[in-house]
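Let's walk through this structure together, one question at a time. Have the sequence and the 3D view ready as you read.

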Amino acid sequence: MPKILTVDIGKCTGCRLCEVVCSAKHERASNPAKARIHIIKLEDDRILVPVVCNHCEEAPCIVVCPTHARFRDERIGRVAVNYDRCIGCKVCMTVCPFGAIAFDWEAKRIISCNLCDGDPTCVKFCATQALQYVEAAAANQRRQREIAIRLHKSLQEFALSINW
Amino acid sequence: MPLTRKIVFVDLSSGKIRKERIPEKLRRLYLGGRGLDIYLLHNYIKPGCDPLSPDNVVTVSGGLLCGSVVPAAGRCHSGAKSPLTNGVGSTNMGGFFSPELTFAGFHHIVFTGKSDKPVYLWVHNGEIEIRDARHLWGKDCFETQRLIREELGDEEIQVMCVGPAAENLVRFANVRTGLKNTGGRSGVGCVWGSKNLKAIAARGTMGVSNRYPQEALEYAQKWQKQVVNTKVAEALGYDGTMFIWNVTNTVGLLRYRNFAFNQLEDWESLAVEKFHEKYHVGVVGCFGCPVHCRHQWRIKEGPLAGLYGEGPEYNTQMCMGGILGITDWETVLHGSHLVDKYGFDMAEFSNIAAWAFELFEKGIINESETGGLKLEWANAGKLLPKLLEMVAYRKGFGDLLAEGPYRALKRLGKPEAEYYLLHIKGLGNMLSDERATPALALGIATSTRGCDHLRSRPAIDLYHLPEKILEEVFDGGPMDSNFTSYVGKAREIWVMERIYALVDSIGTCKFHSIFFSPHMPKFEEYAKMIRYITGMEFTPQELREVGERIYTLERMFNHREASYSRKDDYVPERYFAEAVPGGFPIVKGVRMDREKFDQMLDEYYAFHGWDKDGTPTDETLKKLGLDKEPSHIV
Amino acid sequence: MPEEQKLRCLNCYIRITVPPKTQKLTCPKCGVEYVIAWRGSQAKIAGPAKK
């Protein structure tokens, strides 16, 4: 079963280590500007959102690609790029609803997450497990369990408070 | 490649900008960060200059490994000749500024001279520009960062700045970035203000490559596991540094109402649990850090509803709280917000304000000296916001407090007042009562910054670790598990000084060192990380020597600029004169023992290869290559 | 079954077993008293007990 990369926004601490290791892995140099994942921060409002390719099932970037360079690789469950076909027209960048595709101005090509071929580096370093790589069927399981525990606790407190 | 990052010299008088490569020879001797900064200060400052004159020099830097894959590679150092102590001004903060500076191509900035009008520096991808900051002068630390981002049109710009306190030359003004990252101690921000330097903005997209990319990533992961698997990383990640308070207050190792009590009996109101319950809204971390020891807080109801910030730290609990006899969280958080806004050191403020309150209590000063302020302990909470503003803007009595220990004492002109002011070399003490902990006492007495714990604090000394483990951690013995003993403590401080000098020069965080846990990375781990990322080979022993060199150069700087020597390496007189009043039996009734302290000091000097007066011997200087300083290699 | 909780006395350094849900703990060796806080199943020293 393919795995998917899940992002739990509430757990992100904004440390950006994912950006550092992602770029180090792909570019052999740590450089957030070339990371395939980026943390958007609005400090005043406690907005910390990791933005990364969601490997859409019906990806707009695949639909618009004039040379069919972008395609779905079902082996890993990702959107991938065939650089032999890519002409660097950058239309995929403009249609991605998340802004998850970037342009490497030195290598002169578009870059986006490729799930590190099935072993995502960012997940390995994410200390709070805001980023996880889990089997599709289990993707929402952790969240379900967390909510279940909190709900149960709240219900117990409520029950005690009205002397049930 | 970290080694390609440049150094830039900015002369604020002439506007001249000069970019240089950093010679590998200097990297081998000092690594970078704090280490290279003291070298630059020692070489570039006009000896004997007034810290607030154009002859002083400001350094800003990221460490050798800044911005690289090693976790928490984001600390930022800033140095100058201190306007408080006249010696080493050196301060370190977290956040995201120095990595951005590194990605913009630079590891070090050296500011000389003085600008005739307020300016800020704009550093982006190898380019440096001095920009007009007259419209920013007067703006607080939050607004300044926001306005610069707007002006330059990029939300991702990182800004390091000073606030109104620095502009008004408050001697303990600090440097700031983000919501609360602070380079607080030794008044470096004040020197920025004296140069009309308001801020540095950085933005960069130049990567930091690894010499051995695969090994670097793999080892970074090992390092991270080593750090996060410790119990202390877990405690820090949940409670922040406030986890320490539950321990130190329980034993009685703190100071309340200046120096009246060492334990808060009604502790529930100030405990981190209370903070969690009412104000905590999230957890964040510095650049690249898996420990995320910082809270976010928000006040939801009452007159301060809507106020938010990051923190608080253990330091905040005490500096805006216990030391001033304040025990309610809202006042503490309000104070924390204000110091972050105005940009000055809450530790220095707290120490000197508490002194004033005690003088008032004892009738040494009265309303005629305080300009009508009733400095009664019961009023401290109510007075705090007003006092903070008065210090930031040097209004009334705030003007005296803003001068720092030496000058406040001189201005007050009452010799009997000095006894009550806890300072060493003109820097005030923080939250600890070190009477019962000789290691910690020696640390603050000999710190090159003055009365400060971060040159050497061995928190693990308090854990009662077996002697065998202590001998292993501290490169030898004899050691004593008991924190009240004087045995082996000189060795602890000597080793910690080297470690912290290294950590500050590599640019990672002290919480990832043996500060709190003996299981954290040490010399062997630093050597590996340096090798994988930069290719530079150091044996663990050579790294020990680098740490020794950096610390000794700081000592030499103090000797040259402020004539500091053995006579200045003592804890305040009160530590010897007054016994610990309360707390647990292990500390109650303890006084510092003068004879044992002297013996400990002798041992400490011997470890360093310094003479009985604390001066590095010729032989020591030669061994460390410091006999040729200042050497002007760059 | 959760790990048995042990805390080190901050005054005399012996290890004390902390039974679950303990609120107040007295050191059997030196007699100092603690208030215990619980984070899930983990016990920690919150503060000194009131005299």
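Two residues are in contact if their C-beta atoms, placed from the backbone, lie within 7 Å. Keep in mind that this is a predicted model.

Q: Leaving aside its neighbours within four places in sequence, which residues is Ser269(B) in contact with?
A: Ser269(B) sits in the loop that runs between helix 9 and helix 10 (272-278) of chain B. Once neighbours within four places in sequence are set aside, the contacts of Ser269(B) are Lys274(B), Thr327(B) and Asp328(B).

Q: How many Å apart in space are Ser269(B) and Asn315(B), C-alpha to C-alpha?
A: In sequence, Ser269(B) and Asn315(B) are 46 residues apart. In space, their C-alpha to C-alpha separation is 16 Å.

Q: What span should helix 12 of chain B have, and how far apart are its end C-alpha atoms?
A: Helix 12 of chain B covers residues 329-342, which is 14 residues. The expected span is 1.5 Å times one less than the number of residues. For helix 12 of chain B that gives 20 Å, and the end C-alpha atoms agree, being apart by 20 Å.

Q: How many residues of helix 12 of chain B are buried?
A: To be buried, a residue needs 20 or more other C-beta atoms within 10 Å of its own. Helix 12 of chain B is mostly covered, and of its 14 residues the number buried is 13.

Q: Which residue follows helix 12 of chain B, with a positive phi?
A: The phi of this residue is near 80°. The residue that follows helix 12 of chain B is Gly343(B).

Q: How are helix 20 and helix 24 of chain B oriented to each other?
A: The axes of helix 20 (residues 489-506) and helix 24 (residues 594-608) of chain B come within 8 Å and cross at roughly 40°. Angles under 35 degrees count as roughly parallel, and 65 to 115 as roughly perpendicular. Helix 20 and helix 24 of chain B are therefore oblique.

Q: Is the crossing of helix 7 and helix 21 of chain B left-handed or right-handed?
A: The axes of helix 7 (residues 213-228) and helix 21 (residues 523-534) of chain B come within 9 Å, crossing at roughly 150°. That makes the two helices of chain B roughly antiparallel. Glu215(B), Ala216(B), Tyr219(B) and Trp223(B) of helix 7 meet residues of helix 21 including Met529(B) and Tyr532(B). The crossing of helix 7 and helix 21 of chain B is left-handed.

Q: Which chains share the most contacts?
A: Chain A and chain C have no contact joining them, and their closest C-alpha atoms lie 12 Å apart. Two pairs of chains are in contact, and the most contacts are shared by chains A and B.

Q: Which element of chain A gives the largest share of the side that touches chain B?
A: Here 23 residues of chain A are in contact with 29 residues of chain B. Among the elements of chain A, the largest share, seven residues, comes from helix 1.

Q: Which helix of chain B gives the most to the side that touches chain C?
A: This contact takes 14 residues from chain B and 13 residues from chain C. With five residues, the helix of chain B that gives the most is helix 9.

Terms used: Residues are numbered from 1 along each chain as its sequence is written. Chains are lettered from A and ligands numbered from 1 in the order in which they are written. This is a predicted model: local features need pLDDT of at least 70, side-chain atom pairs count only at pLDDT 80 or more; totals for chains, interfaces and linings use all residues. Helices (H or I, at least four residues) and strands (E, at least two) are DSSP runs, numbered from the N terminus. A residue is buried if 20 or more other C-beta atoms lie within 10 Å of its own, exposed if 12 or fewer, and partly exposed in between; C-beta atoms are placed from the backbone. Axes are lines fitted to C-alpha atoms, for helices over the stretch in contact, and angles run from 0 to 180 degrees between N-to-C directions. Angles under 35 degrees count as roughly parallel, over 145 as roughly antiparallel, 65 to 115 as roughly perpendicular and the rest as oblique. A crossing is left-handed if the near helix is turned anticlockwise from the far one by less than a right angle, and right-handed if clockwise.
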